Every structure is written in C-alpha cells, then in structure tokens.
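Colleague: Can you put the model up? I have a few things to ask about it.

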Amino acid sequence: MAELKGMYKGYIVFIIFWAACPGFAQQSSFKNGEIKFRNGNYKGALEDYTKEINENPKNINAYYQRGFSYSMLENYSAAILDYNKVLEADPSFVWGYISRGSARSKLKRYEEAIEDFNKAIGLDPKNQEAYNNRGWAKHWLNDKDGACKDWKMSKKLGNGEAKIIMEQAHCK
C-alpha cells in the first residue's frame with residue numbers, strides 16, 4: 001500500500017509538472033518536422049518546418065531542413081531559396097553550399113553548382129561530398145578529366161562510391 005501511495009504521489013508530481021510546462025507536453029514544430037522527415041513524410045515535415053519558420057523566422061536550421069524537404073519532394077527551386085536564406089545568415093556553412101549546389105545540379109544549372117561546390121571545398125578542403133558532387137556537375141558539362149580528378153580526390157578522402165563511379169566513367 002505504501003508503494004502504491006508513493007507511485008500515486010509520483011504520478012501527481014508528473015501531472016503538475018506537465019501542466020505547468022506547456023512546452024513539455026507539446027513538441028516544437030521543428031522537432032515534429034524532424035520526426036516526420038526521418039519517417040519519410042517530407043510533405044508533413046515541410047509543413048512543420050514552415051510553421052517553425054513562421055513562429056521563429058531566425059531559426060536557420062528550420063530553413064535548411066525545409067530546403068532539404070523541398071529537395072526530397074523534387075522542388076529544387078524552392079529548396080534553393082531556403083538554402084540562400086541559410087547562406088545569407090551563415091556564409092561559412094559548408095553543407096548549405098553543398099545542398100544548394102546539388103539542387104542547382106538537379107535543375108541542370110551546372111556552372112552555378114560548381115561555384116557552390118568550389119565554395120564548400122574552399123571552406124572544407126577535405127569534404128568528400130563536395131568533390132563527388134562537383135565531379136558529377138563537371139561530368140554533365142562534358143569535362144571528363146575534371147570529373148575524374150574530383151572523383152579521385154573524393155575517393156582519396158574516403159568516399160567508397162567514388163571507385164565505382166570512376167570505373168563506370170572510365171577514369172584513368
């Protein structure tokens with residue numbers, strides 16, 4: 001009986017805490033977006049990130065994640081607008097350039113994509129993803145030598161897929 005009363009008191013304390021802390025009972029829109037994104041619900045994540053941006057327009061992470069959600073939904077133009085916002089706020093954010101460059105590549109804006117990958121590499125010379133993606137942009141511009149050089153660097157930095165890409169592209 002004493003154990004039951006102790007459990008009951010613990011439950012009452014929890015209820016009081018829950019009622020006193022509105023944020024405790026309800027997750028933020030950003031957290032909800034993360035959960036939906038991880039579960040593959042990109043449209044739902046997009047809605048939650050937009051809600052977060054409306055509530056907290058300075059949350060640059062929400063812009064980045066919304067941009068990524070747009071990319072997953074193949075709305076690359078909208079993704080680029082969000083990545084632009086991120087890079088305006090933090091011009092040293094390497095993944096902002098990589099993500100925007102990837103979206104630009106999807107829109108066949110390869111020269112602009114290469115500029116983004118160049119900026120990413122300038123900020124992080126050991127970023128295998130930036131080299132790999134720049135290699136693809138060069139490939140689509142028929143710069144085989146440039147593409148192979150980037151893929152070789154990506155492989156050297158640890159990208160396991162780069163070897164396969166180089167074999168398929170017949171890099172020397």
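Colleague: What volume does the largest pocket have?
Modeller: About 350 Å³. A pocket here is an open set of points on a 1 Å grid over the protein atoms alone, where a 1.4 Å probe fits and protein lies on both sides within 12 Å along at least five of seven lines. The volume is the space filled by probe spheres set on the points. This is a predicted model: local features need pLDDT of at least 70 and side-chain atom pairs count only at pLDDT 80 or more, while totals for chains, interfaces and linings use all residues. Residues are numbered from 1 along each chain as its sequence is written, and side-chain values use heavy atoms, with hydrogens and water left out.

Colleague: How many residues line the largest pocket, and which lie nearest its centre?
Modeller: The lining has 19 residues, and Tyr76, Ser102, Ala103, Lys106 and Asn133 lie nearest the centre. A lining residue has an atom within 4 Å of a point.

Colleague: Which helix gives the most to that lining?
Modeller: α7, with seven residues. At least two residues each come from α5, α6, α7, α8 and α9. Helices are DSSP runs (H or I, at least four residues), numbered from the N terminus.

Colleague: Moving on to α8. Which of its residues are buried?
Modeller: Tyr110, Ala113, Ile114, Asp116, Phe117, Ala120 and Ile121. Buried is under 20% relative accessible area (1.4 Å probe, protein chains only).

Colleague: Now the largest nonpolar core. Which members touch the most others?
Modeller: Tyr49, Tyr70, Tyr83 and Ala103, out of 17 residues. A nonpolar core is a set of buried Ala, Val, Leu, Ile, Met, Phe, Trp, Tyr and Cys residues joined through side-chain atoms within 4.5 Å.

Colleague: Which helix has the largest share of this core?
Modeller: α6, with six residues. There is also a second, separate core of 13 residues, which includes Phe117 and Ala120.

Colleague: Last one: is Ser69 buried or exposed?
Modeller: Buried, at a relative accessible area of 0%. Ser69 sits in α5 (residues 60-72). Beyond four places in sequence, Ser69 is in contact (heavy atoms within 4.5 Å) with Phe37, Tyr42, Ala45, Leu46 and Tyr49.

Notes. Buried means under 20% relative accessible area, exposed over 50%, partly exposed in between (1.4 Å probe, protein chains only).
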